[in-house]
Amino acid sequence: PVLRTVLLTGAAGGLGTLMRDLLPAYGYRLRLLDLRPVPGEPDAIVADLADGDAVREAVRGVDAIVHLAGISQEATFERIVRANIEGTYHLYEAAREAGVPRIVAASSNHAVGFTPRPRGITAPLPQDALIPVGTPHRPDTFYGLSKCFGEDLAQLYWDLHGLETVSVRIGSCFAEPTSVRMLSLWLSPADCARLLHAALTADGVQHSIVYGSSANTRNWWDLSEARALGYLPQDDSEPYAAKLIAEQGELSDENPAHARLGGHFCTEPTWWPY
Ligand code: NAI
Ligand code: 15L
């Protein structure tokens with residue numbers, strides 16, 4: 001493959017660390033950026049997305065951006081606005097000015113977190129029971145709201161400026177699933193790299209929204225749009241199911257934290273700052 005220079009924002013984070021390991025095998029040369037120094041990467045750019053000048057400098061000459069930086073959980077409205085809303089705006093403006101043709105952006109299941117999870121049917125679900133990409137935004141947190149903003153910003157920059165984005169509504173991307181809910185939403189790190197590569201290379205994506213998970217037996221959402229990019233998931237959370245269910249029990253229809261796609265994000269105002 002042609003070596004392409006890709007700016008990876010959020011390179012010091014959990015997902016950034018996993019993708020730093022996996023993406024170079026697809027032929028990408030990564031330029032790294034994070035608010036924090038990236039361990040073992042002295043050339044990484046240490047910058048806040050809130051700093052428009054630094055972001056302009058960082059995007060210069062790259063062929064694409066994988067945008068993972070930001071606050072990745074619920075936080076105060078002010079913090080979310082600065083990192084995820086203003087920060088993402090600065091990145092898009094810099095990309096537009098520099099003529100960067102494509103951004104692959106980490107959206108989240110929490111953009112639609114209040115969507116009821118499919119229930120009462122045994123896995124695997126039939127196609128018509130899966131949550132479609134076109135389901136209305138139903139953020140479960142200010143965090144989720146910032147992901148809705150990111151998707152709409154991406155649409156605006158496509159419509160107005162022809163800057164392409166694939167917004168990936170990631171389920172739960174960690175080395176292993178750690179909850180029964182994650183059995184349905186797990187995106188293995190290897191499948192995440194496959195999906196990002198597909199999103200970076202597919203033709204004519206305009207602004208596409210896709211769900212990001214592995215080929216989980218207990219999958220809740222429609223992966224058709226991701227597959228249309230050329231994504232072929234190879235992993236399934238099912239081998240982890242017996243142990244997790246023995247420890248935590250099956251998801252319960254009585255438990256409000258199990259009722260919605262966003263899980264406990266919908267029911268835990270305890271992490272609110274009020
Ligand atoms: P993380 O919290 O481990 O990493 C985020 C990184 O962004 C951190 O290293 C942080 O220093 C950096 N960052 C935060 N604010 C910044 C700013 N203003 N300027 C520059 N860098 C900044 O999160 P994780 O798990 O790696 O997630 C990466 C992205 O994927 C996030 O956007 C998150 O919302 C999204 N996502 C992740 C999921 C997952 O399962 N890991 C699920 C759904 C979405
Ligand atoms: C997310 O959006 C978070 O960034 C991640 O840390 C997980 O909480 C994930 O969603 C999830 O829903 O499991």
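Helices (H or I, at least four residues) and strands (E, at least two) are taken here as DSSP runs and are numbered from the N terminus, and by this assignment His207 belongs to strand β7. The structure is a predicted model, in which local features need pLDDT of at least 70 and side-chain atom pairs count only at pLDDT 80 or more, whereas totals for chains, interfaces and linings use all residues. Residues are numbered from 1 along each chain as its sequence is written, and chains are lettered from A and ligands numbered from 1 in the order in which they are written.

The strands form an open sheet of seven, in the order β3-β2-β1-β4-β5-β6-β7 and with parallel pairing, where two strands pair if DSSP finds at least two bridges between them. At the edges stand β3 (45-46) and β7 (207-212), each of which pairs on one side only. Helix α6 packs on this sheet and touches β1, β4, β5 (102-108), β6 (164-170) and β7, its direction making about 140° with that of β5; axes are lines fitted to C-alpha atoms, for helices over the stretch in contact, and angles run from 0 to 180 degrees between N-to-C directions. Contact between two residues requires that their C-beta atoms, placed from the backbone, lie within 7 Å.

Strand β1 (residues 4-9) runs parallel to strand β4 (residues 64-67) and is joined to it by four bridges, with Leu8 standing opposite Val66 in β4. Strand β4 is in turn joined by three bridges to β5, again in parallel, and here Val66 stands opposite Val104. In a regular strand the side chains alternate between the two faces of the sheet. Both faces of β4 are covered, Ala64 and Val66 on one side and Ile65 and His67 on the other all being buried. A residue is buried if 20 or more other C-beta atoms lie within 10 Å of its own, exposed if 12 or fewer, and partly exposed in between, with C-beta atoms placed from the backbone.

Strands β6 and β7 run parallel and are joined by six bridges, and the partner of Ile170 in β7 is Gly212. Strand β7 is mostly covered, six of its six residues being buried: His207, Ile209 and Tyr211 lie on one side, and Ser208, Val210 and Gly212 on the other. His207 is classed as buried because 20 other C-beta atoms lie within 10 Å. When its neighbours within four places in sequence are left aside, His207 is in contact with Ala154, Gln155, Trp158, Glu164, Thr165 and Ser167. In the loop between α6 and β7 lies Gln206, whose phi is near 50°, a positive value in a residue other than glycine. Most residues other than glycine have a negative phi. Gln206 counts as partly exposed, because it has 13 C-beta neighbours inside 10 Å.

Two packed helices are described by the angle between their axes and the distance between the axes. For helix α1 (residues 14-22) and helix α6 (residues 189-201) the angle is about 70° and the axes are 10 Å apart, so that α1 is roughly perpendicular to α6, a class that covers 65 to 115 degrees, whereas angles under 35 count as roughly parallel, over 145 as roughly antiparallel and the rest as oblique. The contact is made by Leu18, Met19 and Leu22 of α1 together with Pro189, Ala190, Cys192, Ala193 and Leu196 of α6. These residues divide into eight nonpolar, no polar and no charged, where Ala, Val, Leu, Ile, Met, Phe, Trp, Tyr, Cys and Pro count as nonpolar, Asp, Glu, Lys and Arg as charged, and the others, Gly among them, as polar.

A residue is near a molecule if its C-beta atom, placed from the backbone, lies within 6 Å of it. Of the 24 residues around ligand 1, Gly13, Leu15, Ser72, Ala106 and Ile170 come nearest. Two or more residues of this shell are given by each of α1, α3 (77-98) and β5, and the largest share, three residues, comes from α1. By class, the shell around ligand 1 has 12 nonpolar, nine polar and three charged residues. Ligand 2 is surrounded by Ser72, Gln73, Ser108, Asn109, His110 and Ser172, a shell of six polar residues with no nonpolar and no charged ones.
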